[in-house]
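Here is a short tour of one structure, written for someone who likes to know the cut-offs behind each term. Have the viewer open as you read.

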Amino acid sequence: MSSLRMLVRTLTVAGLTAALIAPSSMARAEPSVAELTARIEKSSTELERVVESYNKLNEEIKANKKTAAALHARIGPLEEQTARSRADVGHMAVTAYKTGGLRTAQALLEPGGSASLLDRLSTIDRLTRERQDRIAGFTTSQRRLVDEKNRLDATLAREAAQARSIANTRKKIERDLARLYELRRAAYGQATEAPSPRPAARSAPDAPAVAGSAGVAVRYAYGAIGKPYVWGADGPNGYDCSGLTSAAWRAAGRSLPHNTRMQWGVVTHIGRGDLHPGDLVFYSGLGHMALYVGGGQIIDAPSAGRNVLKRDMDIMPIQGYGRVR
């Protein structure tokens, strides 16, 4: 009986051990390429939103720098004007102290002067108004200078806060990219797509013939096919999604902000049936966008690790369409 009990106990322990080990072994199974691809797509979508936030901060910093430069340009003359007004008021104070205030005016009223009483009174009134105007001018110049400096200080403070935020966002992007590249390496054997061979001509030979500035933008986009996705970049060696569309239209002489949401805000919204080559396609959540090139096709910078490509427009739910004016 003792031997039988020992055998049962051994078998029970072995069974429990197997039960504990089996799920662990299954949990350690390598994910399939399909599972990795799904995770890559999810990570890419999340990363693109962060990149577009970074691009938005960059655009806001550019705007603030322009505002600061304009404020600096106005402050210089205001400082000179305030200094002149201050000197005028100071000169008036010294003159009043030396002459005893209204002695000059009193002298004008003394009999024997060549001017009539009306002329003398007019002169006193003019001197009084000039003094008041100088004091008022000094006060106004000083107030405007203080206001402009306060606006400049507020702008610089916003710019500094945005610079700190952009540095933090950059670190997050770099961490997310490292994870994404590891996923791509596990799924496809390499972190990034191989560079596509570049056509000898400036733009790809199959670019459609489109007239006007829209045609310039389309040809530029065709010329970018095969170049790598580079976050925060707007060419010429790499692009992110809004960087590609802004670069294409910059080549056509139009200025678009390097941010999907901002581009959505400045284009004319149109319907799907009105689409022409050169129009912009915006995807749900405004986290991604592309340039429409006709025939239901777009050219876009897809995501980190991939290259600019031409593909079907309906790659994901669409938010809307825009035309650059």
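This is a predicted model: local features need pLDDT of at least 70, side-chain atom pairs count only at pLDDT 80 or more; totals for chains, interfaces and linings use all residues.

## Ground rules

Helices (H or I, at least four residues) and strands (E, at least two) are DSSP runs, numbered from the N terminus.

Residues are numbered from 1 along each chain as its sequence is written, and side-chain values use heavy atoms, with hydrogens and water left out.

## The sheet

Six strands form an open sheet in the order β1-β6-β2-β3-β4-β5, with antiparallel pairing (two strands pair if DSSP finds at least two bridges between them). Because β1 (268–270) and β5 (309–312) stand at the edges with a single partner strand each, one side of each is left without a neighbour in the sheet. From one strand to the next, the twist averages 40°; angles run from 0 to 180 degrees between N-to-C directions, and axes are lines fitted to C-alpha atoms, for helices over the stretch in contact.

Within β6, arginine 323 is the bridge partner of threonine 268.

## Two helices on the sheet

Helix α5 (residues 212–224) packs on the sheet and touches β3 (289–294), β4 (297–300) and β5; the directions of α5 and β3 make about 110°. Contact here means heavy atoms within 4.5 Å. Helix α6 (residues 241–251) also packs on the sheet, touching β2 (280–283), β3 and β4, and its direction makes about 50° with that of β3.

How many of the 11 residues of α6 are buried? Nine of them are, so α6 is mostly covered (buried means under 20% relative accessible area, exposed over 50%, and partly exposed in between, with a 1.4 Å probe and protein chains only). Among the buried residues are Cys241, Gly243, Leu244 and Trp249.

Threonine 245 sits in α6 and is buried, with a relative accessible area of 1%. A polar atom of the threonine 245 side chain lies 3.1 Å from the backbone oxygen of serine 242. Beyond residues up to four places away in sequence, threonine 245 touches Leu256, Gln263, Leu280, Met289, Ala290 and Leu291.

## Nonpolar cores

A nonpolar core is a set of buried Ala, Val, Leu, Ile, Met, Phe, Trp, Tyr and Cys residues joined through side-chain atoms within 4.5 Å. The largest one has 45 residues, of which Ile173, Trp249 and Leu280 touch the most other members. At least two residues of this core come from each of α2 (33–99), α4, α5, α6, β2 and β3. Helix α2 gives the most, with eight residues. Apart from this core lies another, of nine residues, including Ile270, Tyr283, Ile298 and Tyr321.

Leaving aside neighbours within four places in sequence, tryptophan 249 is in contact with residues that include Ser213, Ala217, Leu280 and Val324.

## Along helix α4

Threonine 155 is found in α4 and counts as buried because its relative accessibility is 3%. Not counting residues up to four places away in sequence, threonine 155 touches Asn64, Thr67, Ala68 and Leu71.

Lysine 172 is also in α4 (residues 117–188), and at 34% relative accessibility this lysine counts as partly exposed. Lysine 172 and valine 51 are 121 residues apart in sequence, with a C-alpha to C-alpha separation of 9.6 Å in space.

Definitions and conventions. A polar contact is a pair of N or O atoms within 3.5 Å; within protein, one must be able to donate a hydrogen and the other to accept it, and residues adjacent in sequence count only if both atoms are side-chain atoms.
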